[in-house]
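Please read them with the coordinates open.

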Amino acid sequence: MTRPPRLAVVTVADDLHAHVLRKVLRDRHARDLAIVHSDRLAATGLVNWSADAARPATLPDCDGPPVDLEALDLIWWRRPSGKGWNPNSGFLASVTDEAARDLIYNDCVAALNGLVQTDFRGAWVNHPEATRRAEMKFVQLRAAHQAGLKVPRTLISQNPQEIRAFCAGGRMIVKAIAGTVKTPLMAQPVTPALLANDAALSLSPAIWQEHIDGTRHLRVHVFGDRIVAAQLDCPELDWRVHLEKTAVIPVGLDPGLTAALRRVMAALDLRMGIFDLKIDPEGQVWWLEVNPQGQFLFIEGMSGLPLAEPFAAFLLDEADRPAARAA
């Protein structure tokens, strides 16, 4: 007899997605989801691993017994880095040395990564290495181009001469490559004043890209074989900081676009991905980016488009992909 899949999500405390999905899995599928808080590991005292395979490798569940990695069928690798830890967190109150806090954070995150990649044998959503690679804008852009998607003209540079030559004669935007958790950094129009500032241009590489006209965007959720798409209408350049001006409706996708997105997923070795695309005034769809662990519940809240239930079903399907273990 086989047993029900056992699932866990690695994320940060107060992650709405984790708690909503656990409730859906419990209420509608009679399954549970262990929640491992990557930004609270130092408060638990429950991370444990030994070179002796007879001793279980464990991680802390936020409100349950320790998670035995060998008993898991799936890990949803959602927010593993903890986004950096707040030095004012209660569990760090007794640690006043900045270097010591940094050591604790780095060693906890390193232990988490090492433990799961050594002893976990189930399904990943997504595998840590696939996630890390797919988050690289260079890799995404190349994969999208090779998949046959329309990609805006793009330069990644910190060379003022190259940037000015690339931006000459057209409307352009600039975006951060990786950004920072300390402040939101959204796409911005390129201005003459910015192009004239050699110091600002040369400090760090950025993504310089042609501006695609239009107010319609696509948010495409790929959960394994399931694809759920929404159209977002917003007059602003970056709808993410203007949700109050954004209208969301469910839409179907052209089969050719669906096939191209699946080619990107395969190239990046992803099982889930949240795509941002833009529709120009002529109806042409342009690539913007893919997030291997993107937010999606806000789309359900704004449009009524079901996403939590399809994602829960997707997780259960993925958990069944490895060879079934005997009960």
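1. His17 is buried, with a relative accessible area of 5%; buried means under 20% relative accessible area, exposed over 50% and partly exposed in between, with a 1.4 Å probe and protein chains only.

2. On the basis of the model: it is predicted, so that local features need pLDDT of at least 70 and side-chain atom pairs count only at pLDDT 80 or more, while totals for chains, interfaces and linings use all residues. Residues are numbered from 1 along each chain as its sequence is written, and side-chain values use heavy atoms, with hydrogens and water left out.

3. The surroundings of His17 deserve a look. Leaving aside residues up to four places away in sequence, His17 touches Trp76, Arg78, Gln295, Phe296 and Leu297, contact meaning heavy atoms within 4.5 Å. A polar atom of the His17 side chain lies 3.1 Å from the backbone nitrogen of Leu297. At the start of α1, the backbone nitrogen of His17 has a side-chain oxygen of Asp15 within 3.1 Å. For such polar contacts the criterion is a pair of N or O atoms within 3.5 Å; within protein, one must be able to donate a hydrogen and the other to accept it, and residues adjacent in sequence count only if both atoms are side-chain atoms.

4. The geometry of α1 can be checked against expectation. The helix has 14 residues (16-29), which at 1.5 Å a residue should span 20 Å, and the 19 Å between its end C-alpha atoms agrees with this; the expected span is 1.5 Å times one less than the number of residues.

5. Which residues of α1 are buried? They are His17, Ala18, Leu21, Arg22, Val24 and Leu25. These residues cover an arc of only 160° around the axis, which puts them on the same side of α1, the arc being that of the directions from the helix axis to the C-beta atoms. On the other side of α1, Leu16, Lys23 and Asp27 are exposed. The buried residues of α1 pack against β1 (7-11), β2 (33-37), β5 (74-77), α9 (297-303) and α10 (308-319).

6. In helix α4 (residues 137-146), the buried residues are Lys137, Val139, Gln140, Leu141, Ala143 and Ala144. The elements that cover them include α3 (128-134), β7 (154-157), β10 (206-210), α8 (255-268) and β15 (285-291). Gly148, which follows α4, has a positive phi near 95°.

7. Ala30, in the loop between α1 and β2, has a phi near 55°, positive in a residue other than glycine, and counts as exposed at 60% relative accessibility. Asp269, in the loop between α8 and β14 (272-279), likewise is a non-glycine residue with a positive phi, near 60°, and is exposed with a relative accessible area of 58%. A cis peptide bond joins Val125 and Asn126, with omega about -10°; Asn126 is in the loop between β6 (123-125) and α3.

8. As to cysteines, a search of the whole structure finds zero disulfides, a disulfide being a pair of cysteine sulfur atoms within 2.5 Å. Cys167 counts as buried at 5% relative accessibility, and Cys234 is buried with a relative accessible area of 1%.

Methods: Helices (H or I, at least four residues) and strands (E, at least two) are DSSP runs, numbered from the N terminus.
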